[in-house]
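Open the model in your viewer and keep the selection tool at hand.

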Amino acid sequence: MIPLLGVVLGTLLLRGIGAMGGPWKSWRGALVPPIGLMYVLTGMAHFTPMGDDLARFIPQGVPHPRILVDVAGAIQVTAGLALLTRRWRVVGVGCLVALLSIKLPLNWIGAAHGLTVRGPLPTPPILRVPLVILWIAVLVWVARAPQGIAGTSPDSTPSRR
């Protein structure tokens, strides 16, 4: 829930700056830096002792769970940085949506078994599914290029001069 709060507050702050003439004049533009930073920071956390907690979410019998956690962290860091660029944003979103889709059942099972990550209270499974769906929806919205970004609207046709 803390990452969600950080993204919401960061987006509101940047959008407020945009309303006063700053560069974040759209909600999408104001959302990109906080969500990118959130994925970079949460990805980096995979390489701390928190990664050991995350490895417990991987089912028994899957080889090298800690390496899988490190790979997931590297994907999150790289994709979070990719979100900050127009050129790589769609690729970053695709990687994060795939990763979220893979991690959702693991989070559900872990929460159902009372597994925690650096805290006494796990987020209940009933809240995890809507949160992941929200993150996926937000990422897909961020990946969509705003209309007119190339100087044309989607339904305009080139002139024949």
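A helix here is a DSSP run of H or I at least four residues in length, and helices are numbered from the N terminus. With that in mind, select residues 2-19, which form helix α1; Leu13 lies in this helix. The model is predicted.

**The whole chain**

Colour by secondary structure. The chain holds six helices and zero strands. Read along the sequence, the pattern is α-α-α-α-α-α. Now colour by accessibility. Of the 161 residues in the chain, 34% are buried. Contacts reach along the sequence too. Take those between residues at least 6 apart in sequence: 61% of them join residues at least 24 apart.

**Stop 1: α1**

Go back to Leu13. Is Leu13 buried or exposed? The cut-off for exposed is over 50% relative accessible area. Leu13 has 55% relative accessibility, so Leu13 counts as exposed. Leu13 and Ala30 sit 17 residues apart in sequence, with 8.2 Å from C-alpha to C-alpha.

Next, pick Gly16, also in helix α1. Gly16 has a relative accessible area of 29% and is partly exposed.

**Stop 2**

Select Lys25, in the loop between α1 and α2. Its relative accessible area is 52%, so Lys25 is exposed. Which residues does Lys25 touch, not counting residues up to four places away in sequence? Show Arg15 and Gly18: Lys25 touches both. The C-alpha atoms of Lys25 and Arg15 are separated by 6.4 Å, and the two residues are 10 apart along the chain.

**Stop 2: α1 against α2**

Two packed helices are described by the angle between their axes and the distance between the axes. Show α1 and α2 together. They pack at an angle of about 145°, with axes 8 Å apart. Their crossing is right-handed. From α1, select Pro3, Val7, Gly10, Thr11, Leu12, Leu14 and Arg15. From α2, select Trp27, Ala30, Leu31, Pro33, Pro34, Ile35, Met38 and Thr42. Together these make the contact. By class, the residues of this contact divide into 11 nonpolar, three polar and one charged.

**Stop 3: His64**

Move to the loop between α3 (50-55) and α4, where His64 lies. Check the backbone. Phi of His64 is near 55°, a positive value in a residue other than glycine. At 55% relative accessibility, His64 counts as exposed.

**Stop 4: α2 against α4**

Select residues 27-45 for α2 and 65-83 for α4. How do the two helices run relative to each other? Their axes come within 7 Å and cross at roughly 160°. The cut-off for roughly antiparallel is over 145 degrees. α2 and α4 are therefore roughly antiparallel to each other. The crossing of α2 and α4 is left-handed.

Show side chains at the contact. On the α2 side are Val32, Ile35, Gly36, Tyr39, Val40, Thr42, Gly43 and Met44. They meet Gly73, Gln76, Val77, Gly80, Leu81 and Leu83 in α4. This contact has eight nonpolar residues, six polar and no charged.

**Stop 5: α4 against α5**

The axes come within 8 Å and cross at roughly 145°. This crossing is left-handed. In α4, pick Ala72, Ile75, Gln76, Ala79, Ala82 and Leu83. Facing them in α5 are Arg89, Gly92, Val93, Cys95, Leu96, Leu99 and Lys103. The contact of α4 with α5 has nine nonpolar, two polar and two charged residues.

**Stop 6: the core**

Now hide the loops and look inside. The largest nonpolar core has 17 residues. Which residues have the most contacts inside this core? Select Ile35, Tyr39, Leu83, Trp135 and Leu139. Each of α2, α4, α5 (89-112) and α6 (125-143) supplies at least two residues of the core.

Finish on Tyr39. Leave aside its neighbours within four places in sequence. Tyr39 is then in contact with Gln76, Val77, Gly80, Leu83, Leu96, Leu100, Trp135 and Leu139.

Conventions:
Residues are numbered from 1 along each chain as its sequence is written. This is a predicted model: local features need pLDDT of at least 70, side-chain atom pairs count only at pLDDT 80 or more; totals for chains, interfaces and linings use all residues. Side-chain values use heavy atoms; hydrogens and water are left out. Axes are lines fitted to C-alpha atoms, for helices over the stretch in contact, and angles run from 0 to 180 degrees between N-to-C directions. Angles under 35 degrees count as roughly parallel, over 145 as roughly antiparallel, 65 to 115 as roughly perpendicular and the rest as oblique. A crossing is left-handed if the near helix is turned anticlockwise from the far one by less than a right angle, and right-handed if clockwise. Contact means heavy atoms within 4.5 Å. Ala, Val, Leu, Ile, Met, Phe, Trp, Tyr, Cys and Pro count as nonpolar, Asp, Glu, Lys and Arg as charged, and the others, Gly among them, as polar. Buried means under 20% relative accessible area, exposed over 50%, partly exposed in between (1.4 Å probe, protein chains only). A nonpolar core is a set of buried Ala, Val, Leu, Ile, Met, Phe, Trp, Tyr and Cys residues joined through side-chain atoms within 4.5 Å.
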